[in-house]
Amino acid sequence: MSDVHTTVDAKGLSCPMPIVKTAQAAKTVPSGELIEVLATDAGSVKDFAAWTRSTGNSMVEQTEDDGVYRFVIKRA
Amino acid sequence: MDDKPLAIVLFSGTDDKLNAAAVMASGAAALGRPVHIFLQYWGLDAFRSDRIKNDHGLAAEAGVEGKAAVDALRAEGQAPWYETLAMAKELGNVEVQACSLSMDVLRISEDDLDDLVDGTEGVTAFYIAVGDGQILFI
């Protein structure tokens, strides 16, 4: 796996901040690069699935460890 | 990507409803949808620059338990509604317009309003701006 370009630490933030902060970060991430997101909001699993689908970015990896969700998203 | 605008008629001025509007706006902005917020009555009143950071209370149904839950989230560092809305505006195309009738009723001038408000319009301009987008009333 190639290196992560940008990490968004959204742990402890409630909806919609994980998505808002990721969408904001995505603006400065070049196409093809990876964004890593860490979140604790339980809604973020469905939110990130929907967000990547609708914005054309792709979900490369999705894991959960002790209440922390980790998403790796490839910038469209 | 759905680029039909989302319109929010923000009538209510309690912190929970202001926050609900800010959340709906920022979610839409994150998806790239234009958002048009029309401020009426108590929603508009909450945007007075000298009151925006005040405690605007909660909807009547919140009760004591609801207030405790909201206070706990705030103590954990949840962003206040006006910061969430400011982030939504930074992120996407989010426009906030004051209803001119409500401005008259509440005797508010544009100078009294926070910078989050972009201008004043009447209901006709609101409908034209929204076109065939969805309208939420909060």
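Q: Which loop of chain A does A:Pro16 lie in?
A: This is a predicted model, so read what follows as geometry of that model. A:Pro16 sits in chain A, in the loop between β1 (4-10) and α1.

Q: What is the omega of the peptide bond from A:Cys15 to A:Pro16?
A: The bond leading from A:Cys15 into A:Pro16 is cis. Its omega is near 5 degrees.

Q: Where in chain A does A:Asp66 lie, and is it buried or exposed?
A: A:Asp66 belongs to the loop that runs between β3 (58-65) and β4 (68-74) of chain A. Its phi is positive, near 55 degrees, though the residue is no glycine.

Q: Which helix of chain B does B:Tyr41 lie in?
A: B:Tyr41 is not a glycine, yet its phi is positive, about 40 degrees. There are 16 other C-beta atoms within 10 Å of B:Tyr41, so it is partly exposed. The helix that holds B:Tyr41 is made of residues 41-45 of chain B and is called α2.

Q: Which residues is B:Tyr82 in contact with, leaving aside its neighbours within four places in sequence?
A: B:Tyr82 is part of helix α4 of chain B, and it is partly exposed, with 18 other C-beta atoms within 10 Å. In sequence B:Tyr82 and B:Ile52 are 30 residues apart, but their C-alpha atoms are 7.6 Å apart in space. Once neighbours within four places in sequence are set aside, the contacts of B:Tyr82 are B:Ile52 and B:Leu116.

Q: How many Å apart are the end C-alpha atoms of α1(B)?
A: α1(B) has 16 residues, and at 1.5 Å a residue they should span 22 Å. The model agrees with that, because the end C-alpha atoms of α1(B) are apart by 22 Å.

Q: How many of the 16 residues of α1(B) are buried?
A: The buried residues include B:Leu18, B:Ala22, B:Ser26 and B:Ala29, and also B:Asp15 and B:Lys17. They pack against α1 and α2 (44-55) of chain A, together with β1 (6-10), β2 (35-39), α4 and β3 (94-99) of chain B. α1(B) is mostly covered, and the buried count is 12.

Q: Which residue follows α1(B)?
A: Past the helix comes a residue whose phi is positive, near 85 degrees. That residue is B:Gly32.

Q: Are α1(B) and α4(B) roughly parallel or antiparallel to each other?
A: Their axes come within 8 Å and cross at roughly 20 degrees, and the crossing is left-handed. The contact is made by residues including B:Leu18, B:Ala22 and B:Ala29 of α1(B) and B:Leu85, B:Met87 and B:Leu91 of α4(B). By class it has 11 nonpolar, three polar and one charged residues. An angle under 35 degrees is the cut-off, and so α1(B) and α4(B) are roughly parallel.

Q: What is the angle at which α1(A) and α1(B) pack?
A: The axes of these two helices are 9 Å apart, and the crossing is left-handed. A:Ile19, A:Val20 and A:Ala23 in α1(A) meet B:Ser26, B:Gly27 and B:Ala30 in α1(B), a contact with four nonpolar, two polar and no charged residues. The packing angle of α1(A) and α1(B) is about 35 degrees.

Q: Which residues of α4(B) make the contact with α1(A)?
A: The axes of α1(A) (residues 17-26) and α4(B) (residues 81-91) come within 10 Å and cross at roughly 30 degrees, and the two helices are therefore roughly parallel. The crossing is left-handed. From α1(A) the contact takes A:Val20, A:Ala23 and A:Gln24, and from α4(B) it takes B:Met87, B:Ala88, B:Glu90 and B:Leu91.

Q: How many residues of chain A are in contact with chain B?
A: On the side of chain B that touches chain A, α1 (15-30) and α4 of chain B each supply at least two residues. By class that side has nine nonpolar, five polar and one charged residues. In total 15 residues of chain B take part, and the number in contact with them from chain A is 12.

Technical notes:
Residues are numbered from 1 along each chain as its sequence is written. Chains are lettered from A and ligands numbered from 1 in the order in which they are written. This is a predicted model: local features need pLDDT of at least 70, side-chain atom pairs count only at pLDDT 80 or more; totals for chains, interfaces and linings use all residues. Axes are lines fitted to C-alpha atoms, for helices over the stretch in contact, and angles run from 0 to 180 degrees between N-to-C directions. Helices (H or I, at least four residues) and strands (E, at least two) are DSSP runs, numbered from the N terminus. Angles under 35 degrees count as roughly parallel, over 145 as roughly antiparallel, 65 to 115 as roughly perpendicular and the rest as oblique. A crossing is left-handed if the near helix is turned anticlockwise from the far one by less than a right angle, and right-handed if clockwise. Two residues are in contact if their C-beta atoms, placed from the backbone, lie within 7 Å. Ala, Val, Leu, Ile, Met, Phe, Trp, Tyr, Cys and Pro count as nonpolar, Asp, Glu, Lys and Arg as charged, and the others, Gly among them, as polar. The expected span of a helix is 1.5 Å times one less than its number of residues. A residue is buried if 20 or more other C-beta atoms lie within 10 Å of its own, exposed if 12 or fewer, and partly exposed in between; C-beta atoms are placed from the backbone.
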